[in-house]
Amino acid sequence: MADIEQVDFAIPAELPILPLRGVVVYPMMWLPLTIGQERSIKLVDDTLIESADHRVIGLITSRDAEVEEPRPEQVYTLGTAALVHRMLKAPDGTIRLIVQGLERIRILGYVQEYPYLRARIELVPDDDEASLEQEALMRTTQELFRRLVQLVPHMPEELETAAINATSARQLAYLVAASVRMEPAQAQEILEINPVKQKLVKLNSILTKELEVLELGKKIQTQAQDEMSKMQREYFLREQLKAIQKELGEGDEQEAEIREFEQRIAQASMPEEADKEARRELDRMKKMPTQAAEYSVIKTYLDWMVNLPWNVTTADNLDIAHARRVLEEDHYGLKDIKDRILEFLSVRKLRLERRSEGQEPEPPADLIRREREGVILCFVGPPGTGKTSLGRSIARALGRKFIRLALGGIRDEAEVRGFRRTYIGSMPGRIIQSLRRIESRNPVFMLDEVDKLGRDFRGDPSSALLEVLDPEQNAEFRDHYLDVPFDLSQVFFITTANWLEPIPQPLLDRVEVIQLSSYTEEDKIKIAQGYLAPRQIRENGLRVAEVTIEENALRRIVCDYTREAGVRHLEREIGAICRKVATKVAENGAGEGSVVVTADDLPTYLGRPKFLNEVAERVEMAGVATGIAYTVTGGDIMFFEATRMPGAKGFTLTGQLGDVMKESAQAALSWVRSKATDYGIDAEVFAKSDIHLHIPAGATPKDGPSAGVTMATALVSLLTGTPVRKDVAMTGEITLRGQVLPVGGIKEKVLAANRAGLTTVILPKRNEGDLEDVPEIVRQKMAFVFAERVDDVIKTALVMRPAVQGATPLDAV
C-alpha cells in the first residue's frame, strides 16, 4: 500500500473510458485486467503508446454484463480513475493490464463514442471523518473479515494481515469490498456509498450474511463427513467381524438371519402361494447388502409372514351343556342369541363326529360355491344391553380366543386392508394385525360399533369390510401389505351396532342380524341381583356379607335414578352405593355388621331422584299429547304441545324437526281441518288463528313419520278444549284420508311407555303381530288399542265430554 500513497499527480479532466463487465475496481486497489475487444485495445494503445506520460484511464462497470460493447447509457456514471502500471500483449491478441485505482470519478458527459468512449469527468473523493463510531465499525469489520478468511480456503492469510494493518477506514473498506464475493450491482453500490462510515455499515451486513451461509455450509459438510466416517467405520468393523467369524467357523449376522427365516418359513405351514412369495422375497434378501434400504423392508415383510397363524387354531369345546351353562352364567335373557350359538356348536359337532366315523360326505350339490364354516353375526341394540360383553362370553363358551376391534371413527380403507409396500412405514391392516396378536386363525373376532364407520377422501372402510364379512370370499382375503391370500373362513365374526340405518345395505346383506331390545324393569332387577351388584361389591373391595341392596331399592333405582334401555347407568348407581358403603367400612372397621340399603335410604346414597313421572303434569291441559319414539338409545316418550293465538292461518313447527316430521305435521293439520265439523270445531277458527306445534326437547333433532297420530291428537285436543288421557301413549303414521299406517320399533316403544308408567298404548292395527316381541310380563301390565283410522285414536285418547257431541267448546280454550 505504500506505493499507492506515493502516487501524486493531477488526474486530467477528460479521460478515455474503459467499460468493465462483471467487475468493479475500487480506489487504492491493484487489479489485473484482460482486454480483448478491438475498441478497448485501441484505447490502451492510444493511452500507453502514443501518450506514455498520461497512463490514467476511467474504469466504469457496465450495467449489463452480457453486452459486449456497451453504449454510454449502458454503463454506470460513477467509476474509478486508474493508473495503468503494466501492459503485456498475449499471443492470442489480448492485452493483460495491471491497474491501480486512484480516485472515484463521475462522468459529466461523453465527448467521444468512436473508436472508444471518452468523457469529461470530475473527482468524487470519499468523506472520511474519524470518529468513535467509525473506529468501532472498523474493528467490527476487521473481526468479521478475519472469520471469513478462516472459513474460505482460497483466501490467503495475508488478506487478514492487511485488513488488521489498514491505516484508514477508507483503505479497509475498499480492501474488504475487493476481497468478498459480491454481485456486480452490490459491489457498485459499495463504490457509490458516501461517507466511508456508511460503506462499513453496508459491508458489515454483507459479511454477516456471508458468514452465516459459510458456517451453515461448514456444519452440513461436517455432518456429512461424520456420517461418511461412521459408515466407513461400520463397514470396516463388519468386514473384520466377518473375518473373525470365518476364522471361528461361524456365519455372519446376515447368514444367520437368512437361515432363521428359512427355518421359520418351513415351520409356518403357509399355503402354496404365500410360501412361494415368502421364499421369493428371501432370495432377494440374500442378494442384498444389509445396508440397503430395501433389506429392512423385506426383513419386516418376512417377519410378518412367518408370525401369522397360517395353520394355528384352538380346538372348539363342543360340549353343548357346558356352552349353555357359560352363556347363562354371563348374561341374563338374550334367548335368541344363546340359541344361535348352541345351533352353531351343534352343527359343528355333528360335522366333526360324522367325519371321524368315516362316513363319506354327500357330493356337494353346488360346484361353484365353497362349503362355509364361519359365522358372521350382527348384534344390534341400544347401548348397555351387553353386546360387547356377549362376544367374550361366546368365546368362553366355545373355548376360543377373543379379539375386539373398535371401528368407531375409522375413515381410512387401509386401516382394514393394509397399506401397500410401496409406502414407507407400511404395515398390514387391523384384521391381520389382530390375528397375529391373538396367534390363532379361528378366534371370536368382534368388530365393535360397525355403524360408526366414517367415509372421506381416503376411502370407504365399510366397502373394505365386504370381503372380510362375506363367507363366499373371506377364505382368500388379500391384505394389501401381504398381497397373498389369508383364510378367514374359520373366524367367528361378530359385529355390533346401535342403529341399522347407517350400515350400508351391501354390508348388512352379508351378516345375520340379531336384535337386542331394551330390558324391562323386571329384567334390570334380575340383572342387578345376579350380575351387577355382586360385581360392584367385588370391585369395591367389599364382601358379600357386608352390604345388601334390597329389591325395592333396586326397583326405585331403575325407576327414579335411571331411565335407559340398557343397564350401564344402573351399574354406575350401584357402584356409587358400594363406594359409600366401602367408605363406612374403611372408617369404622369390618365389625359393624352388614349394611342394608332400602328404598328410603337411596337419597342418602344417591341424592334426590333424577327422573320424575311428569306425564300427568304435562298432559293435564288441552293441546298436549304423549307420543313414543324409537331412538339409537332405545325407546323414549315425547310430548307434543300445541297452542293457538290470534292470527291468520299461520302454522309454526319447532323442536328441531326433520323434513319427514314436518310433512307429517302438515298432514295432521289438514286432516283436522277436514274433520272440523265432526268434532264440533268452528271452521272459522283456522282463518283467525295461528297454531304453534312444539316438540320438546328443542336441542334434540327429531324426524320420522310415526308421530302423525300424536300430532293430530294434540291438535284436536287443542281445538276442542279436551285434554288427552294422562295414561295413554300412541304411535302411528297418518294419511290425509285418516288411515293409520304401521311403524317400526314397536317393542322399544312399548318398553319406553312401560318405563314411564303409562298403562295404555295406541298402536296401528297392522302392528298387532309385533306385540309378540314384547315380554309377556309387560303385555300383562298394559292395555293395547289397535287403530285403523285416526278417529279410533281420538276416541280412545281424549277424555270425551258431552259438549263434543254438538257444542263448540272453542270459547273455553
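Biologist: How are H25 and H28 oriented to each other?

Modeller: This is a predicted model, in which local features need pLDDT of at least 70 and side-chain atom pairs count only at pLDDT 80 or more, while totals for chains, interfaces and linings use all residues. Residues are numbered from 1 along each chain as its sequence is written, and side-chain values use heavy atoms, with hydrogens and water left out. Helices (H or I, at least four residues) and strands (E, at least two) are DSSP runs, numbered from the N terminus. Axes are lines fitted to C-alpha atoms, for helices over the stretch in contact, and angles run from 0 to 180 degrees between N-to-C directions. Angles under 35 degrees count as roughly parallel, over 145 as roughly antiparallel, 65 to 115 as roughly perpendicular and the rest as oblique. H25 packs against helix H28 (residues 790-797) at about 55 degrees, with the axes 10 Å apart. H25 and H28 are therefore oblique to each other.

Biologist: Which residues of H25 and H28 meet?

Modeller: Contact means heavy atoms within 4.5 Å. From H25, Val-709, Ala-712, Thr-713 and Val-716 meet Val-790, Val-793, Ile-794 and Ala-797 of H28. For classes, Ala, Val, Leu, Ile, Met, Phe, Trp, Tyr, Cys and Pro count as nonpolar, Asp, Glu, Lys and Arg as charged, and the others, Gly among them, as polar. The contact of H25 with H28 has seven nonpolar residues, one polar and no charged.

Biologist: At what angle do H23 and H25 pack?

Modeller: Helix H23 (residues 659-674) and helix H25 (residues 708-720) pack at about 45 degrees, and their axes are 9 Å apart. H23 and H25 are therefore oblique to each other. The residues of H23 in this contact include Met-661 and Trp-671, and those of H25 include Met-711 and Leu-719. By class, the contact of H23 with H25 has 11 nonpolar, two polar and no charged residues.

Biologist: Is the crossing of H9 and H10 left-handed or right-handed?

Modeller: A crossing is left-handed if the near helix is turned anticlockwise from the far one by less than a right angle, and right-handed if clockwise. H9 passes H10 in a left-handed crossing. Helix H9 (residues 272-286) and helix H10 (residues 293-307) pack at an angle of about 150 degrees, with axes 10 Å apart. That makes H9 roughly antiparallel to H10. Among the residues that meet are Glu-277 and Arg-284 in H9, and Glu-294 and Lys-299 in H10. The contact of H9 with H10 divides into nine nonpolar, no polar and five charged residues.

Biologist: Is Glu-210 buried or exposed?

Modeller: Buried means under 20% relative accessible area, exposed over 50%, and partly exposed in between (1.4 Å probe, protein chains only). At 16% relative accessibility, Glu-210 counts as buried. Glu-210 lies in helix H7 (residues 196-248). Not counting residues up to four places away in sequence, Glu-210 touches Leu-148 and Arg-181. His-154 is exposed, with a relative accessible area of 67%. The place of His-154 is in the loop between helix H3 (132-151) and helix H4 (157-164).

Biologist: How many helices and strands are in the chain?

Modeller: The chain has 28 helices and 24 strands. The radius of gyration is taken over C-alpha atoms, and the globule rule is 2.2 Å times the number of residues to the power 0.38. The radius of gyration of the chain is 48 Å, well over the 28 Å that the rule gives for 813 residues, so the chain is more spread out than a compact globule. Buried residues make up 46% of the 813 residues.
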